[in-house]
Each structure stands twice: as structure tokens, then as C-alpha cells.
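Walk me through this fold. Start at a single loop residue, then step back to the sheet, the helices and the space between them.

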Amino acid sequence: MHFHRTSKTMENIQNKDAALYFEKNISCLEETLRLRKLLLDMGLTETIKWGKPTYMHHGKNVVVIQNFKKYCALLFLNGNLLDDPAGVLVKTGPKTVKGRQIRFDSGIDDEIVRNYVLSAIEASR
């Protein structure tokens, strides 16, 4: 699977409302900003949906950054369609059908994030 970065720069695909979200005093700020940069560097379009930074590919929602008291997470909206070779996807609740999270409480593996995001982009097509 190959993903070609668009010619857009980080400045022209980030969303001003999302930028305000990141200026709030949120938990896991450093990790959240790192996730944001990874997603924007992959050419995803940033917006705010459900009060959270949401990243889209060709108009389709792919992943949401979530913040909790003890961790931050990437929520893959169609995570049930993703393979989980690293064993990192978590169902968000017992009745959850589609969404899956990768939770971060002690560091981020950029390679794992990129691979799962690429898989989610493919699944959204």
C-alpha cells in the first residue's frame, strides 16, 4: 500500500478551530500535538467534529484525536475494518461496533501510527 503526500503544507490543511482546541489546557498536550503533526504530515485534512480534532481523507472521516485524564487516543471511526498486527486496537466499550482506539499513555510509536492511519485510509475508500 502506498500513500502519496499531497502538495499541501501543514499550514494550509490545518483548521483554525482545531488550532484553538490545541491551545486549551488539555491532558497529554505534548503527545496530542505530536499526533496532530503526524496526521497533518500525512496530508489529512483537519476539522472539528463532535468537539474533537477529526482528520479526513478526500472528505471521509478517518481518525479523531481524543483526550482523557490518563491518556490520549486516536479513534479510528471504522476501526473494526482494520487488521491489528501490533495488537494495539481497543474497543471503546462493550456495545461498540465500529470504533477502535490506539491509546497513548507512555509514548508514541510513529511507525505504528502511520501504518494504522494508512490502513484506515484504505478502509475508507
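## From a loop to the whole fold

W50 is exposed, because its relative accessible area of 59% is over the 50% cut-off. This is a predicted model. W50 sits in the loop between β1 and β2. Its phi is near 60°, a positive value in a residue other than glycine. Most residues other than glycine have a negative phi.

How accessible is H58, buried or exposed? H58 has a relative accessible area of 72%, so it counts as exposed.

Now the chain as a whole. The protein chain holds 4 helices and 6 strands. Along the sequence the pattern reads α-α-α-β-β-β-β-β-β-α. Of the 125 residues in the protein chain, 42% are buried. Take the contacts between residues at least 6 apart in sequence: 57% of them join residues at least 24 apart.

The strands come next. An open sheet of 6 strands has the order β1-β2-β3-β4-β6-β5, and the pairing is antiparallel. Its edge strands are β1 (45–49) and β5 (89–91), each pairing on one side only. From one strand to the next, the twist averages 35°. Strands of a sheet pair through backbone hydrogen bonds, either parallel or antiparallel.

Which strands flank β6 in the sheet order? They are β4 and β5. On the β4 side, 5 bridges join the two strands, which run antiparallel. Within that pairing, A73 has R103 of β6 as its bridge partner. How many of the residues of β6 are buried? The count is 4 of its 5 residues, and the strand is mostly covered.

Helix α3 (residues 29–41) lies across β1, β2 (52–57), β3 (60–67), β4 (72–76) and β6. Helix α3 runs at about 165° to β3. Helix α4 (residues 110–123) packs on the sheet as well, touching β2, β3, β4, β5 and β6. The direction of α4 makes about 25° with that of β4.

T92 has a relative accessible area of 39%, which lies between the 20% and 50% cut-offs, so T92 is partly exposed. The side chains of T92 and T96 are joined by a polar contact of 2.9 Å. Which residues does T92 touch, leaving aside its neighbours within four places in sequence? They are L75, G99, Q101 and R103. Of these, R103 is the bridge partner of A73. L75 lies 17 residues from T92 along the chain, and their C-alpha atoms are separated by 8.8 Å.

Last, the empty space. Rolling a probe the size of a water molecule over the atoms shows where such space is left. The structure holds 1 cavity of 30 Å³ or more. The largest cavity has a volume of about 40 Å³. Which residues line the largest cavity? The lining is made of N61, V62, L77, N78, A120, A123 and S124. Both β3 and α4 supply at least two residues each to this lining.

S124, one of the lining residues, has its place in the segment after α4. Why does S124 count as buried? Its relative accessibility is 12%, and buried means under 20%, so S124 falls in that class. A polar atom of the S124 side chain lies 2.8 Å from the backbone oxygen of I121. Leaving aside neighbours within four places in sequence, S124 is in contact with K60 and V62. V62 also belongs to the lining of the largest cavity.

Notes:
Residues numbered from 1 in each chain as written. Predicted model: local features only at pLDDT ≥ 70, side-chain atom pairs only at ≥ 80, totals over all residues. Heavy atoms only, no water. Pairing = 2+ DSSP bridges. Axes fitted to C-alpha atoms, helices over the stretch in contact; angles between N-to-C directions. Contact = heavy atoms within 4.5 Å. Buried < 20%, exposed > 50% of the residue type's maximum accessible area, 1.4 Å probe, protein only. Polar contact = N/O pair within 3.5 Å; in protein donor to acceptor, adjacent residues only side chain to side chain. 1 Å grid on protein atoms, 1.4 Å probe; cavity = no way out; pocket = protein on both sides within 12 Å on 5 of 7 lines; lining within 4 Å. Points joined across faces, edges and corners; volume = space filled by probe spheres on them.
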